[in-house]
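Subject: The structure, and what turned up in it

Hi,

Here is the structure I promised to hand over. Have a look at it first, and then read on for what I found.

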Amino acid sequence: MKTQTTYQQFVSFRKSIVLLFSLMMTSALFAQTGTLSGTVKEENGDPIFQAIVKVMGTNLGGQTGFEGEYTIANIPVGNQKVVFANVFTNNFDTLDVTIQAGANTLDHQFGQNVLVLTGVDIIVKVDKESKEATIGETINSEQAVEVVGAAKLEDQGVSDVGTAATKVAGISKVGSGRVFVRGMGDRYNNAFLNGLPVPSPNPDLKVIPLDIFPTSIVQTIAISKVFNEKYYADYAGASIDINTKTYTDTIGFFKIGLSGTYNTVSTFKDFYTHKDGAVELLGIDGGNRDLPVTGTDVNSDLRPLGDLGYNTKDNFESTTIPYNTGLTPTLQKALPNMGISLSAGKFFAFKDSSGYKSTSKGIGVMLSLSTSNQYSSVFDGLSRQYSAQSSILTNFRYNKFSYKTSSSAIGSVIYKINSNNNISYNLLYVADGDNETRENEGYSQDLDRNVYSRRNSFIINSLLNQQLLGQHELEKMDVNWGLSYGMAGSEEKDRKQLAYYADPEGYVLNDLDIAGSHRLWSALTEDEIAGKAVVDYHFYGKDSTGKKAIEKNNIIGNLTIGLNARHKERIFDYKQVNYEFSNVEVLQGGDYADVYDPDSYINSAAADAGNLVLGEPKDPGSYYEATLDIASLYAGVDYDLTDKFKVLGGLRLEASQQTIYYKQLKNTFASDPDTVTIDTINVFPSIGFKYSPAEKTNIRFALSQTITRPGFKEVAPFLNQSYFGGPTSLGNPELENAYNYNADLKFERSPRSGELMSFTIFGRYLDNPIERIAEASSSTLLTYENIDQAVLAGVEFEITKSLASILNPKMDQDALDSLQSWTKNVSGGANFSYMYSQTIIPDNGNFVVTNNKRQLQGASPYLINFDAGYNWEFGKDTTGTAKHSIKFTVAYNVFGPRIFAAGVQGAEDIFERPVNTLDFIVKAKFNDRLSIGIKAKNLLNPEIKMEQAQSSLSDLESSDALLVNSYRRGISIGLSLGYKF
């Protein structure tokens, strides 16, 4: 099987994307529109909650809030028919309304002569992205779930899903896209796209990096921290389901957005990089970094799945320089970060039998494109490693220069067969590029002298994912199905590293450490095919006559039966060619070398003179291949035992087989690759209840068992060093599955529309869990081990409210709406998590841990998120409705100290220190068309540190802690513009 490279994928789909986008631009409408607002009440004057208001002949409409309030935007001006429907009494009224540009007000009260709702197609466009809708979904869901909408993320200035997840209680992010849920990292979590799994292009991660998804493509993010049998069982932290946007609005649109950001550390400062191609500005190497074809393949027969073209060669040796790129860096000034986005959509309604265009039938098309770049720098960072006796192994100061690009395209087509059936197709393409140059200088105990090194790496991660989904609502059941195929890729192209001795007077090429100066190519492909089929059978209650009433508002229970299957395969390989120097003084033209012009002495002339040779070590361990197959059958039931008490239960049968193919240096001459297979069949139960003592108030309880499978990278014995003299990582083929026992108790209440309060107590018992450990040798070795057991328990608290409702707790919604006070424009939210965790590790002889009892690796004892906003509305029209608005938001986040790597063999645990993050966001909207945003991020600019304890966590809190890593990211100030035609 031969897999396309990232660049080939980009070229293949670029033309299709441009063509589709051009067609959609021509179909977008530029009509003048108005907004309709008001209230809906019963005949006796009581407000109606969840009444439907719909503009006939369009897909515009919505549901009323707690006090009967509604707002419908973007209605074409002119005469319209508006339907008011009470779905609980099957009554509706139709009114003729003239819509004018701007704001329109229409209050409706049902009268004596109501009609029975028959034959009217009430299809509404509910704003699922709004704060009110997502809180309603959280409260009304049968299973415990936390839903975050795109509207809230936009207010908080969040640009990617990874950052969005951290706005939820108990979730923090480590590095690029690594999400920790209640202290549990990558191996304990799952990620889905519209309910189907997606492959990861990052070889270090099981879960696709969540910051690869821009929030511009997101409708909602559903986070299940309690086991739900519909998801694969390999999680104890959370399953994160990213639901992308589709378009079903007959009014077409075309929107353009521009952004620019200034960073205090990097922008307009010196920036070292390697410009090796004309299109690297777009995150594409353009072919200059491709691997030259040399040598004879010695390992092709050891690759069961495929070939990436980076095979180890047999005694490859060259006295010529066959590469298209040089070793000399380019010095430039870092520019401001820039971004551009384009989106368009249109729904094409079909005519029904009467010749009237119905919004329940038709085809909706949407396309969203975005691209951005980012310059980031670290100046005078610090990186150290220590021995078990706390003596320094390495002590480096470093500068790091990273140029990142991110591009995404999502296209969706939805075919609405009728109001109860639709089929949709989604295509997502994401490509991220990172051209990074890092300089290290300082002491190395291994060489017993000061050293200098510079490494340039260019990594491109990509994802192409296609989905076909179907939703069908029948009289007594719903049927959902889906198929997906995803291709993920990661390429590191032409990594260039040079190592020198650093004397007080200058630098000398390192001729002892052969691997210290090298070039490297690596590639990873991960393909995944997945499918699902789900049937939800509804149980209905009886009406006043004792007969079953088959109506949506009368469902008292559901029986869910589903099938899931997935096949995933990963191939990874690399090729490294080392520079072997001789006659160093002659080679570098004197006693010392110019580290910023290595091309002047490392060239073909030097090779011809015999002063350097390119040599490739024979390393059959350069590759690994892995497969994962899971087939599952599940059943779940929820049933109302009373009006207030619901019982839930589920069983998931899951058969899985995970196989790793690899080769170790000691088995070079073996005819077959080494193989590790973990083959299991498990039944995972869950049981719980939902008690609703009052309206919009729930108490939930759940017990479940789940599994943790080791990640591909954690098993494969592939040795990798992140930079010269830095820590190395190595997989462990002897890892086993771990099992998790989970308990959750949650109270939640939504006192008013858009408000939420919740309190959760949770506990986890982990049997045979996997942890990353740090062994101290000549340098730090990071590997993975099964430990005996671990426990984790904690509490979470979350609140979302307006200031007016806090100061006036007895006021109803109407009174608050009419309140003449600035306090009703102030709203915010906060969540807090406190966690206790402890590992229990016996001395079993496999490895000797430094602390047998300690907190779980990656678990922060506390997490705090806070945001507050003020919405200023002005420029009112004749009806008193504001034309313009400016929203000010401040957001704060901090996590407690957490173990980055657990220490063994006398070396102490390495901790990440708390990081306080403060952001300020301003968002202005004008006439529903023009929007302007200002983001000031990381205002506190904290020092980001890792420290190694001396003997216990208490030492970490003292000045005696050993500093391992330190740097600052700088303050970023950005401006964005958006215009909707």
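F268 is partly exposed, with 48% relative accessible area. Keep in mind that this is a predicted model. F268 belongs to the loop that runs between β17 (253-263) and β18 (270-273), and its phi is positive, near 65°, even though the residue is not a glycine. N938 also has a positive phi without being a glycine, about 60° in this case. N938 is in the loop between β49 (930-937) and β50 (944-948), but it is buried, at a relative accessible area of 7%.

Now the aromatics. There are 26 aromatic pairs in the count. In one of them, the ring centres of F192 and Y232 are 6.3 Å apart and the planes are at 5°, so the pair counts as stacked. F192 sits in strand β13 (residues 189-193) and Y232 in the loop between β15 (218-224) and β16 (238-244), so this pair ties together parts 40 residues apart in sequence. Both F192 and Y232 are buried.

Another stacked pair is F254 with F981, at 5.4 Å centre to centre and 15° between the planes. This one links distant parts of the chain, with F254 in strand β17 and F981 in the segment after β52 (972-980), 727 residues apart. Why is F254 called buried? Its relative accessible area is 12%, and the cut-off for buried is under 20%. F981, at 33%, counts as partly exposed.

There is also an aromatic cluster made up of F271, Y272, Y375, F379, F401, Y403 and Y596. Two charged residues lie over ring faces as well: R898 is over F895, at 3.6 Å from the ring centre, and K980 is over F253, at 5.4 Å.

Next, have a look at strand β34 (residues 697-708). Nine of its 12 residues are buried, so the strand is largely enclosed by the rest of the structure. Which strands pair with β34? One is β33 (residues 674-694), which runs antiparallel to β34 and is joined to it by seven bridges; here Y691 stands opposite I699. These two strands form a hairpin with two residues between them, and K696 in the turn has a positive phi of about 60°. Another is β37 (residues 738-749), also antiparallel, with 12 bridges to β34. In that pairing F701 stands opposite L745.

Last, the charges. Side chains of opposite charge can pair when their charged atoms come close. The count here is 24 salt bridges. One of them joins R570 and E526, with the closest N and O atoms 2.6 Å apart. R570 is in strand β29 (residues 555-581) and E526 in strand β28 (residues 518-540), so the bridge ties together parts that are 44 residues apart in sequence. R570 counts as buried at 2% relative accessibility, and E526 counts as buried at 0%.

E748 and K746 form a salt bridge with the closest N and O atoms at 3.5 Å, and both residues are buried. For K945 and E947, the closest N and O atoms in the salt bridge are 3.5 Å apart. K945 is partly exposed at 24%, whereas E947 counts as buried at 9%.

Cheers

Key:
Residues numbered from 1 in each chain as written. Predicted model: local features only at pLDDT ≥ 70, side-chain atom pairs only at ≥ 80, totals over all residues. Heavy atoms only, no water. Helix = DSSP H or I, 4+ residues; strand = E, 2+ residues; numbered from the N terminus. Buried < 20%, exposed > 50% of the residue type's maximum accessible area, 1.4 Å probe, protein only. Phe/Tyr/Trp six-rings, centres within 6.5 Å; stacked < 30°, edge-to-face > 60°. Lys NZ or Arg CZ within 6 Å of the ring centre and 35° of its normal. Pairing = 2+ DSSP bridges. Salt bridge = Lys/Arg side-chain N within 4 Å of Asp/Glu carboxyl O.
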